[in-house]
Amino acid sequence: MIQTGISKLDGYLKGGIPYGKSLIYYTSPGVEGNVFGMHTLYHNLSAGKKCVFVASSSNPQAIRDVFREFGWDLNDFSERLFIVDAYSSLVGSISKEKYVVVDPENIDSISNMLRKVMEELDESVIIIFESLSTVMDLCGEKETLAAIENWNKYGMVYDNVLIYNFTAWPYQRDTLEAIKHELFDAVITVGGIAERVIFGQYFGVLNANWSDIPPKSMLFRVLRPGGIRIFIPKILVTGPFDAGKSTFVHALSTRAVSVDRVGTTVALDHGHLDYKGFSADIFGTPGQERFDPIIKMLSGEAMGIFLVVDSTVPKDFVRAKHMLDITKAQGLPLVVVANKQDLSNALKPEEIRVHFNIPANVPIVPAVAAKGEGVFEAFDTLIEKITEVA
Amino acid sequence: MTSMIEMLNKVLVDLKKVGGVEASVVASRDGLLIASNIQSYGARAETFAAMSATMLGAAETATTELGKGVPDRVIVETEHGKLIATGAGSKALLIVLTDPDAGLGLILVELEKAAEKVKNIL
């Protein structure tokens, strides 16, 4: 089995892609779907795997340049990476690659080269197609569909993994249906959404015949450098006055700014976190009641909430609960952060659960935000809840 | 989805053609970045969006508390330029940054027009 290298996706695929299987990244036009195949390629090269990249819409040097934009230097892997150049002949330029498709407009020419590569390497490799849509544009829809069936069979025989980037231009309906439902062992859809005011790109597993498919899509963004990151546009950090919310935001964030006066947040803490394949923006609210209008205003569209409480001040727990109402937190993934655990009079998480009457399905994570303890445990717990399969 | 972002970007690009305008951002009322034309700045547009939304929201709360209605805009002046934030419908706000010598008259007129367009796009 190999991994895609994309957070959560491997989990959704029950660990990754088994050898002998094929997978297609099926992308709506206008969305950066081709990065998925590139991300998977680089991840596997780094993991010591042998990979083949079928270049069909740009010359190999241009491809190396695009990878470099993501901070990925393909030259480090020249012994393990084989580029099948199905482009240079098209524009009449000389290719420096070992494997060159003589006539990229003829599907048999591509098929012959693929077979040659598989036979010569004669071991489990990962084959990634830069753009199946380009092949289809050049060679014809019917011809390409017939060829894919053969490539995937060959891939199965040689225990290869075949991964395709595909942009769903307005091809014939039958073609798109066959691609979505018949030809591949797994289909990952990559599209755009406009949900209220969140504009973004998502991916989801449409089907994968080796795993039950969770009905869940994830927002993502493309970082340069970095590649694909799961995108969480807003995580709210709220809680009573002096619970340590700002400290928590700063301990968690790669970068953060605060608007604080005389030691208390008056407007907002805003932090950004790039961690374990996630890119998240953190909004920390003020705690005092006089700022409630701001809390109300800022809490819309959060994907998850941290409720930070001072474990030594049980009387504030009432206010904490009230803040959950203000932030309209019902139904959102919630993690309670039991802060200041290093103080001698701190209540233990389970004592807080009883005091505060917190339902059993809401995790309480002990933390000392000032020392950075428990902060990432809390983040992992919340992310697990945000991305868990309903 | 992409067409909406394209339309917003077009509005922002046009806004930048107005003399003195250096950068512009569309943010949601609750502080999420929707679109930006802010490349020349090192700052993160996300933080800028969140802070601007807080500012306008706080101003609205302050004036309505005193029975003075909803502000048309918030203008912040510094030695190096001006920041102007204005509502663009109930979902979004539009913010521009100008150079220090920019004349406000034309910018405010263009900003209002652009805000109306943003409102209609969303």
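Which residues of chain A form one aromatic cluster? Tyr42(A), Phe53(A), Phe67(A), Phe70(A), Trp72(A) and Phe77(A) do, where rings of Phe, Tyr and Trp (its six-membered ring) pair if their centres lie within 6.5 Å, with planes under 30 degrees apart counted as stacked, over 60 as edge-to-face and the rest as tilted. This is a predicted model, in which local features need pLDDT of at least 70 and side-chain atom pairs count only at pLDDT 80 or more, while totals for chains, interfaces and linings use all residues. Residues are numbered from 1 along each chain as its sequence is written, chains are lettered from A and ligands numbered from 1 in the order in which they are written, and side-chain values use heavy atoms, with hydrogens and water left out.

**View 1. Tyr26(A) and Phe166(A) make a tilted ring pair.** By the ring rule, 20 aromatic pairs are counted over all chains. In the pair shown, the ring centres of Tyr26(A) and Phe166(A) are 5.5 Å apart and the planes meet at 40°, so the pair is tilted. Tyr26(A) belongs to strand β1 (residues 22-27) and Phe166(A) to strand β6 (residues 161-167), so that distant parts of chain A, 140 residues apart, are linked; helices (H or I, at least four residues) and strands (E, at least two) are DSSP runs, numbered from the N terminus. Tyr26(A) is buried at a relative accessible area of 9%, and Phe166(A) is buried at 0%, where buried means under 20% relative accessible area, exposed over 50% and partly exposed in between (1.4 Å probe, protein chains only).

**View 2. Tyr164(A) and Phe184(A) make an edge-to-face pair.** The centres of the two rings, Tyr164(A) and Phe184(A), lie 4.9 Å apart with their planes at 70°, which is why the pair is classed as edge-to-face. Because Tyr164(A) lies in strand β6 and Phe184(A) in the loop between α8 (173-181) and β7 (186-195), the pair ties together parts of chain A that are 20 residues apart in sequence. Tyr164(A) is buried, with a relative accessible area of 0%, and Phe184(A) also counts as buried, at 7%.

**View 3. Ile282(A) is a buried residue of strand β13.** Strand β13 of chain A covers residues 278-284 and holds Ile282(A), whose relative accessible area is 0%. Leaving aside neighbours within four places in sequence, Ile282(A) is in contact (heavy atoms within 4.5 Å) with residues including Ile235(A), Val237(A), Val249(A) and Leu252(A). Ser253(A), Asp269(A), His270(A) and Gly271(A) are also among the contacts of Ile282(A).

**View 4. Backbone geometry at Pro225(A), Asp122(A) and Asn357(A).** The peptide bond from Arg224(A) to Pro225(A) is cis, with omega near 0°, and Pro225(A) is found in the loop between β9 (217-223) and β10 (227-238) of chain A. Asp122(A), a residue other than glycine, has a positive phi near 45°; Asp122(A) sits in the loop between α5 (107-121) and β5 (126-129) of chain A and is exposed, with a relative accessible area of 55%. Asn357(A), likewise not a glycine, has a positive phi of about 55°. The place of Asn357(A) is the loop between α12 (349-356) and β16 (364-366) of chain A, and Asn357(A) is exposed at a relative accessible area of 59%.
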